[in-house]
Amino acid sequence: MNKSGLVETFFKLISHEDVDVCRQSTFALSSLCLNAKIRFKIKTNELIGPIMKLFALDDPQTLVNACECVANLAEDTVNRQDIIKLGGVQMLMALLNRSETVVQSAACLALARCMQEGDEARVSISREKKTDAVSRLVQLISSKDVSVARNAAYALSSAAQFETNAVMFCQMGAIDALLALGKDPAKSSQKFSHDALDKLLNFHLSAKYWLRNELAADNFIKDGFYDLGAAGTNMEHIKKLPSIAEFKALPLDKRREIIVVDEATDPKFAQLCQAAVQNLTNLTPRQQIRQIALIVSNSMGGAVEAAALSEFAFKFKITELKMKEETNVLPIGLITSGTFYHRALLFKAICDRIGLSPCQLVRGDYNRAWNIVDIRKQTLTMDRVLHASRRLSPSRNMPVGGLVSVGTDQYSTPAPIPEPSEFPEEATIVDLMFDPGNLLTVSSAKAAAYKSPSAV
């Protein structure tokens, strides 16, 4: 009997009353589904449905074999589409509540394969919000069984390509679970946790900046973002992302301040954004960068002489502010004496608010951080500029370092600067400390010195 004949035979046997016959037939089919021609035959003869009916059975090994069938069938896009249409994602999610780890592991693997592409499958995960199925997937990342934990991370990674799912996973503690998984020496699952984390971190930028020390140009800072410093190299002890609520509950201490970006609760930050957006569309790309850089610099203590950097007493001012506010958590708009990492965060936050891009944020050592821009590719998203203009009240009145009088019609455009005939041939770092608005090509010695005192 050829393989084609075997398929028909085994499909008749999977509905047999004898549990063992059903189990063995399903196992044989899962092996046959490794063959592309067999998968095509199953699709052509509309035989995927009978396989998925096996998910209603109670025998654990039959369920495992059925999951493996589906996982193998899902290697082909057309089969994935059929599985999704037949409710396969929901059926597999339901299997996560089974107590047998072999079933949990097989179901997670099948889920991951089904969600390799196509938003329909990933949306169907978010539809499960009314049940505990989604939280169950997150819980399984912490399973003591290595196979379950890895496959759950794999499934989460596939599902997290869709924003609704990723946000939901973050809310359910997936980042903490993945951090713990990556640090468990018994599971050796760094790759699985790292891949899933990378997907989720783009939807939890506070965690991304903490763990990766970098925000890409398309990572837009929104209200509620907080900078708690770098996680550091001693990652083996980090298994949880501290929340802003936890930081606010802590007593005032000598540790580094937590910086919060939240326009709704920080009127001074809102005023800085208002200052930045004024007259912006009438400026050249260089002047736009310079205007925002001057606003940032002037609001945080002004330009500093490079030779006198060690005398810039920002730490003393931060301590004073923490004592005044009686907390380690500080709104960014209240910081009037800021160094590299304060200014770089404020610059990125303002650019993101008003639609100026690309702007990247990178954290280094020695309290350094910097922004990378590329005026060759610089764009100003008009709908975001207009939205910012409408959102920010013109009634607030706060002078911004003498550059702007917010709340009046007076506006001082930055002094004209020579415009070169050509833009830089590479991306540049924005100087916010010594010569605010000056652009340093990323490969230059000046840029290296700006990023690290050891490069001087």
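Visitor: What makes I42, V70, L92, L156, F169 and L200 stand out in the largest nonpolar core?

Guide: This is a predicted model, and its largest nonpolar core has 81 residues. Of those, I42, V70, L92, L156, F169 and L200 touch the most other members. To belong to such a core, a residue has to be buried and joined to others through side-chain atoms within 4.5 Å.

Visitor: Which residues is L200 in contact with, leaving aside its neighbours within four places in sequence?

Guide: L156, A160, A166, F169, C170, A174, I175 and L178. There's also a second, separate core, with 59 residues, including L346, I372, V430 and Y450.

Visitor: Why is helix α13 called largely enclosed?

Guide: Buried means under 20% relative accessible area, and seven of the ten residues of α13 (residues 174–183) are buried, so the helix is largely enclosed by the rest of the structure. They are A174, I175, A177, L178, L179, L181 and G182. The cover over them includes α10 (133–140), α11 (146–159), α12 (163–171), α14 (190–201) and α15 (205–212).

Visitor: And what makes α17 largely enclosed?

Guide: Nine of the eleven residues of α17 (residues 267–277) are buried, so the rest of the structure largely encloses this helix too. The buried ones are F269, A270, Q271, L272, C273, Q274, A275, A276 and V277. Just after α17, N279 has a positive phi of about 65°.

Visitor: How do you know which way the side chains of β3 point?

Guide: In a regular strand the side chains alternate between the two faces of the sheet. In β3 (residues 258–261), I258 and V260 point one way, while I259 and V261 point the other. All four of these residues are buried.

Visitor: What makes β2 and β3 a pair, and in which sense do they run, parallel or antiparallel?

Guide: Pairing takes at least two bridges, and β2 (residues 225–227) and β3 have three, in the antiparallel sense. One of the details is that Y226 has V260 of β3 as its bridge partner. Strand β4 (residues 329–331) also has three bridges to β3, but those two strands run parallel. There, I258 has V329 of β4 as its bridge partner.

Visitor: What makes β1 and β12 edge strands?

Guide: They belong to an open sheet of five strands, in the order β1-β6-β7-β11-β12, with antiparallel pairing. Both β1 (214–215) and β12 (439–441) pair on one side only, and that puts them at the edges. Within the sheet, β7 (residues 369–373) and β11 (residues 428–430) have two antiparallel bridges, and V373 has T428 of β11 as its bridge partner.

Visitor: Why does C69 count as buried?

Guide: The cut-off is under 20% relative accessible area, and C69 has a relative accessibility of 0%, so it counts as buried.

Visitor: Which residues line the largest cavity?

Guide: I289, F347, C351, L356, S357, P358, C359, V373 and Q378 do. The elements giving two or more residues to that lining are α20 (340–354) and β5 (356–357). The volume of this cavity is about 30 Å³, and the structure holds one cavity of 30 Å³ or more.

Visitor: What is the space in the largest pocket, and which residues are closest to its centre?

Guide: The largest pocket holds about 460 Å³ of space. It is lined by 23 residues, and R256, E257, K315, Y341 and N367 are the closest to its centre. Helix α19 (residues 314–325) gives the largest share of the lining, six residues.

Visitor: How many helices and strands are there in the protein?

Guide: There are 22 helices and twelve strands. Of the protein's 456 residues, 52% count as buried.

How values were computed
Residues are numbered from 1 along each chain as its sequence is written. This is a predicted model: local features need pLDDT of at least 70, side-chain atom pairs count only at pLDDT 80 or more; totals for chains, interfaces and linings use all residues. Side-chain values use heavy atoms; hydrogens and water are left out. Buried means under 20% relative accessible area, exposed over 50%, partly exposed in between (1.4 Å probe, protein chains only). Helices (H or I, at least four residues) and strands (E, at least two) are DSSP runs, numbered from the N terminus. Contact means heavy atoms within 4.5 Å. On a 1 Å grid over the protein atoms alone, a cavity is a set of points where a 1.4 Å probe fits but cannot get out, and a pocket is an open set with protein on both sides within 12 Å along at least five of seven lines; lining residues have an atom within 4 Å of a point. Grid points are joined across faces, edges and corners, and a volume is the space filled by probe spheres set on the points.
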